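Hello,

I am passing on the structure we talked about. Please have a look at it first; my notes on it follow below.

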Amino acid sequence: MNRTRAWCAHEPRRSAWVPGLSVPSRSLEPVQELHDAPLAPLTTFRLGGPATRLVTATTDAEVIDVVREADANGTPLLLIGGGSNLVIGDKGFAGTALVIATKGFELDGTTLELAAGEVWTDAVARTVEAGLAGVECLAGIPGSAGATPIQNVGAYGQEVSSTITEVIAYDRHAGETVVVPNADCAFSYRRSRFKADPDRYVVLRVRFRLEDADGLSAPIKYAETARALGVEPGDRVPLTAARETVLKLRTGKGMVLDPEDHDTWSAGSFFTNPILTDQQFTAFHARVREHLGDGVEPPAYPAGEGHTKTSAAWLIDKAGFTKGYGTGPARISTKHTLALTNRGGATTEDLLGLAREVVAGVREAFGITLVNEPVTVGVSL
Ligand SMILES: Cc1cc2nc3c(=O)[nH]c(=O)nc-3n(C[C@H](O)[C@H](O)[C@H](O)COP(=O)(O)OP(=O)(O)OC[C@H]3O[C@@H](n4cnc5c(N)ncnc54)[C@H](O)[C@@H]3O)c2cc1C
């Protein structure tokens, strides 16, 4: 199927009916604005130089005003939520960096609407408290609600694409607010329409349909979570048990933010899991045997017709980059091979140097080129 054509065929609906958003007018309060402001403190890596202008917007109207102004002036724009998936260059960002700090948690039955600036993990906790299932295994993922559709965040057997019904966004090309239904979001593994077209959409709100399963979770899909809960995959468990178990598993891997723990000064997984065609997988399998000996089976998960997903963490580890690898201020996490971390005092160039070394090592050992998951700003691998 021609993907581009499919997207064009589904132009998002105009959203004149979205309460409070129909005609974005100038906001009453001036937005908070700084100049030559460091971006490092706004990222979980604590890396990146200054932005020419740093603006914080707390209402949808403010967000739209700042975006419109930047676009009208031809000023480069960087959107920032929680900064947990950003690698910003040491030179910083020449343009307007806009921090989206809008608030809004509206629950109506099983329908949830979150403002883009809501803290995602807190919103998950509130849905669990409300007895609703669907996002409980996404507890502990840092960042904002508005960024969750960008890379279709997922963990422990859940992805937001399963529960999002609509994304309300400001379309910078059309100059208006649009409603993008789930079917038009082009969600796939760590991808979406929004990630594919990064300079077009500013997510303002995200709507979810959750499930009332009498205090029980959605069926537990992930084997590790099921094991930790002492149930079989497919079973349901009390919502709080699911959330707490996931948080415990994540904490053990340095995947829950903790300012004291440098293993969490990261962007979570630095590389996506490679998806290989059957032909590529056969070639990869041969390289594994060559490199590691007969009888070693690489991880392999079905990933759609004719495709297999393998594990980036496994590749990195088997290529010799084990937990804690590195001698400089940027090193592999001591708890998870897939997280590159700032041990304090690193620069973005230190981090990229490590990332490039890992990519080259994995390519040499297995013929696979790893792709970074976080968004890079002003730099590339
Ligand atoms: C310790 C740790 C663990 C993690 N674990 C996971 C995990 O399990 N699963 C997972 O999927 N991810 C994980 N991540 C990655 C990250 O938390 C998610 O991708 C998260 O959704 C990013 O949200 P954010 O608000 O911090 O986005 P940011 O880092 O601020 O931005 C990321 C990208 O989204 C864009 N963006 C942000 N807000 C908007 C908006 N409102 N509209 C349009 N574009 C926007 C930015 O411009 C940028 O391109 C982890 C990160 C860390 C540090």
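Predicted model: local features only at pLDDT ≥ 70, side-chain atom pairs only at ≥ 80, totals over all residues.

I began with the boundary of domain 2 and domain 3, where the count is one salt bridge. Its partners are Arg 190 and Glu 373, whose side chains meet with 3.9 Å from N to O.

The contact between domain 2 and domain 3 draws on six residues from each of them. On the side of domain 2 that touches domain 3, one residue is nonpolar, three are polar and two are charged. Three residue pairs are in polar contact across this interface, counting pairs with both residues at pLDDT 80 or more. The buried area between domain 2 and domain 3 is about 500 Å², with 50% of it on carbon and sulfur atoms.

Now the ligand. It is surrounded by 32 residues, and the closest are Leu 79, Gly 81, Gly 82, Ser 84 and Ser 144. Several backbone atoms come up to its oxygen atoms. A backbone N or O atom of Leu 79 is 2.7 Å from a ligand oxygen, and a polar backbone atom of Gly 82 is also 2.7 Å from an oxygen atom of the ligand. For Gly 83, the distance from a backbone N or O atom to a ligand oxygen is 2.9 Å. On its own the ligand has 970 Å² of accessible area, and the protein covers 94% of that.

Best regards

Notes:
Residues numbered from 1 in each chain as written. Heavy atoms only, no water. Contact = heavy atoms within 4.5 Å. Buried area = accessible area lost by both parts, 1.4 Å probe. Salt bridge = Lys/Arg side-chain N within 4 Å of Asp/Glu carboxyl O. Polar contact = N/O pair within 3.5 Å; in protein donor to acceptor, adjacent residues only side chain to side chain. Nonpolar A, V, L, I, M, F, W, Y, C, P; charged D, E, K, R; others polar. Near = heavy atom within 4 Å. Areas by Shrake-Rupley, 256 points an atom, 1.4 Å probe, with all protein chains shown as cover.
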